[in-house]
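Biologist: I would like to learn how to read a protein structure, one feature at a time. Please give me the general idea each time, and then the case at hand.

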Amino acid sequence: MKLTGSCLCGAVSYEVSGEPLRMAQCHCTACRKITGTGHNVQAFFNASDVAINGKTSTHQSTSDSGNTRTRHFCPNCGSRLFSENSKAPGGIGIAVGSFDDVSWFKPEVVLYVSQRPAWDRDDAAIPTREEM
Ligand SMILES: [Zn+2]
Ligand SMILES: [Zn+2]
């Protein structure tokens, strides 16, 4: 699989060659805070399969299980891009919305549903529009 992506402003871009090891959606409080939405979707790859162009800023926090999470974002536009976990060295999580083509993504697991906001699911009663 050959995939490309970038932040919103284009200062940071990347190329992935290789299959995702894992694809997940997460509703934990940290994911809600960092995304500003009800959940986070990430695909995890071998870091050696990912070539990054441009420089990111990082923020570190400690996960529920005591591991260090390092999250990378564009210092110019603030887009979230990558995450690393001290538990899984050599791996990299990529924010799925940053890929140029997102059609291949299919979450294999949904995590922290206990913290999922009631509004963060499809509701047929709410009107939808094809565009704004
Ligand atoms: Zn940017
Ligand atoms: Zn999470």
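Biologist: Which residues does C31 touch, not counting residues up to four places away in sequence?

Modeller: Before the answer, some ground rules. Residues are numbered from 1 along each chain as its sequence is written, and chains are lettered from A and ligands numbered from 1 in the order in which they are written. This is a predicted model, in which local features need pLDDT of at least 70, side-chain atom pairs count only at pLDDT 80 or more, and totals for chains, interfaces and linings use all residues. Two residues are in contact if their C-beta atoms, placed from the backbone, lie within 7 Å. By that rule, and leaving out residues up to four places away in sequence, C31 touches C26, H39 and N40.

Biologist: Is C31 buried or exposed?

Modeller: The term rests on counting other C-beta atoms within 10 Å of a residue's own: 20 or more is buried, 12 or fewer is exposed, and in between is partly exposed. C31 has 21 C-beta neighbours inside 10 Å, and therefore counts as buried. This residue lies in helix α1, residues 29–35.

Biologist: How many helices and strands are in the protein?

Modeller: Helices (H or I, at least four residues) and strands (E, at least two) are DSSP runs, numbered from the N terminus. Here there are one helix and ten strands. Along the sequence the pattern is β-β-β-α-β-β-β-β-β-β-β. The radius of gyration is 15 Å, close to the 14 Å that the globule rule gives for 132 residues, so the protein is as compact as a globular protein of that length. That radius is taken over C-alpha atoms, and the rule is 2.2 Å times the number of residues to the power 0.38.

Biologist: In what order do the seven strands of the open sheet stand?

Modeller: Strands of a sheet pair through backbone hydrogen bonds, either parallel or antiparallel. Two strands count as paired if DSSP finds at least two bridges between them. The order here is β6-β7-β8-β9-β4-β3-β10, with mixed pairing. β6 (57–62) and β10 (109–111) are at the edges with a single partner strand each, so one side of each has no neighbour in the sheet.

Biologist: How many of the residues of β6 are buried?

Modeller: Of the six residues in β6, the number buried is zero, so this strand lies largely in the open. β6 pairs with β7 (residues 68–73) in the antiparallel sense over six bridges. H59 stands opposite R71 in β7, and T62 has T68 of β7 as its bridge partner. The two strands form a hairpin with five residues between them, and G66 in the turn has a positive phi of about 90 degrees. G66 is exposed, with 8 other C-beta atoms within 10 Å.

Biologist: What is the order of the open sheet of three strands?

Modeller: The order is β1-β2-β5, and the pairing is antiparallel. β1 (2–6) and β5 (50–53) stand at the edges with a single partner strand each, so one side of each is left without a neighbour in the sheet. Five bridges join β1 to β2 (residues 13–17). One pair of bridge partners is T4 and E15, the latter in β2.

Biologist: Which residues have the most contacts inside the largest nonpolar core?

Modeller: In soluble globular proteins, nonpolar side chains tend to be buried together. A nonpolar core is a set of buried Ala, Val, Leu, Ile, Met, Phe, Trp, Tyr and Cys residues joined through C-beta atoms within 7 Å. The largest one here has 14 residues, and F45, C74, L81 and I94 have the most contacts inside it. The elements giving two or more residues to this core are β2, β4 (40–46), β8 (80–85) and β9 (91–95). β9 gives the most, with three residues.

Biologist: How many of the seven residues of β4 are buried?

Modeller: Five are, so β4 is largely enclosed by the rest of the structure. β4 is joined to β3 (residues 22–26) by five bridges, running antiparallel. M23 has A43 in β4 as its bridge partner. β4 also pairs with β9, in the antiparallel sense, over five bridges, and the bridge partner of F45 in β9 is I92. Leaving out residues up to four places away in sequence, F45 touches V16, G18, P20, L21, V50, I92 and I94.
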